[in-house]
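Hi,

Here is the structure I promised to pass on. Have a look at it first, and my notes follow below.

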Amino acid sequence: EAQLVESGGGLVQPGGSLKLSCAASGFAFRHYAMMWVRQAPGKGLEYVAAIQMGGIGRDYAEGVEGRFTISRDDAKNRLYLEMNDLKPEDTAVYYCSQYQTPETVARDDYWGQGTQVTVSS
């Protein structure tokens, strides 16, 4: 069965950097567009970034463009999110997912527990 496991989160000061990783299994990863979403305390799921099959096309939410970079390694079945110049408003649990329409993204059974990112001084 499909499974995603996120890692790489932590506590970082404003302006700092983190690189998140998502390990995929149970499905043909290379044949799926993928995305990162996040959920801040008390808020709903928020689209962060997406990447097409083969990594040809990438898209970012307005608030992270220029600071975050999404990438993938199909040989390793891995999805990544490199985050630079982190801000307190980036604090959230970050999840990876097979691509969904950003406006209606919803948690699915194969999602992992997410990885916590906390940006604080």
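Let me start with a question: is Cys96 buried or exposed? Cys96 is buried, because its relative accessibility is 0%. Keep in mind as you read on that this is a predicted model.

A disulfide links Cys96 with Cys22, with 2.0 Å from S to S, and the structure holds 1 disulfide. Cys22 sits in strand E3 (residues 18-25) and Cys96 in strand E9, so the bond ties together parts that are 74 residues apart in sequence. The link is right-handed, with 60° about the S-S bond. Cys22 is buried as well, since its relative accessible area is 0%.

Now follow E3 into its sheet. This is an open sheet of 4 strands in the order E1-E3-E8-E7, with antiparallel pairing. Strand E1 (3-7) and strand E7 (68-73) are at the edges with a single partner strand each, so one side of each has no neighbour in the sheet. On average, and ignoring direction, neighbouring strands here are turned by 15° against each other. E3 and strand E8 (residues 78-83) run antiparallel and are joined by 6 bridges. If you want to find the pairing on screen, Lys19 has Glu82 in E8 as its bridge partner.

Next, the nonpolar core. The largest one has 36 residues, and the members that touch the most others are Trp36, Leu79, Leu81, Met83 and Tyr94. At least two residues of this core come from each of E3, strand E4 (34-39), strand E5 (45-51), E7, E8, E9 and E10.

One last stop is Gln100. Where is Gln100 found? Gln100 is in the loop between strand E9 (92-98) and strand E10 (115-119). Despite being in a loop, Gln100 counts as buried, because its relative accessibility is 16% and the cut-off for buried is under 20%. The Gln100 side chain makes a polar contact with the side chain of Ser97, at 3.2 Å. Setting aside neighbours within four places in sequence, Gln100 is in contact with Met35, Val105, Ala106 and Trp111.

That's the tour, so over to you.

Cheers

How values were computed. Residues are numbered from 1 along each chain as its sequence is written. This is a predicted model: local features need pLDDT of at least 70, side-chain atom pairs count only at pLDDT 80 or more; totals for chains, interfaces and linings use all residues. Side-chain values use heavy atoms; hydrogens and water are left out. Buried means under 20% relative accessible area, exposed over 50%, partly exposed in between (1.4 Å probe, protein chains only). A polar contact is a pair of N or O atoms within 3.5 Å; within protein, one must be able to donate a hydrogen and the other to accept it, and residues adjacent in sequence count only if both atoms are side-chain atoms. Contact means heavy atoms within 4.5 Å. A disulfide is a pair of cysteine sulfur atoms within 2.5 Å. Two strands pair if DSSP finds at least two bridges between them. Axes are lines fitted to C-alpha atoms, for helices over the stretch in contact, and angles run from 0 to 180 degrees between N-to-C directions. A nonpolar core is a set of buried Ala, Val, Leu, Ile, Met, Phe, Trp, Tyr and Cys residues joined through side-chain atoms within 4.5 Å.
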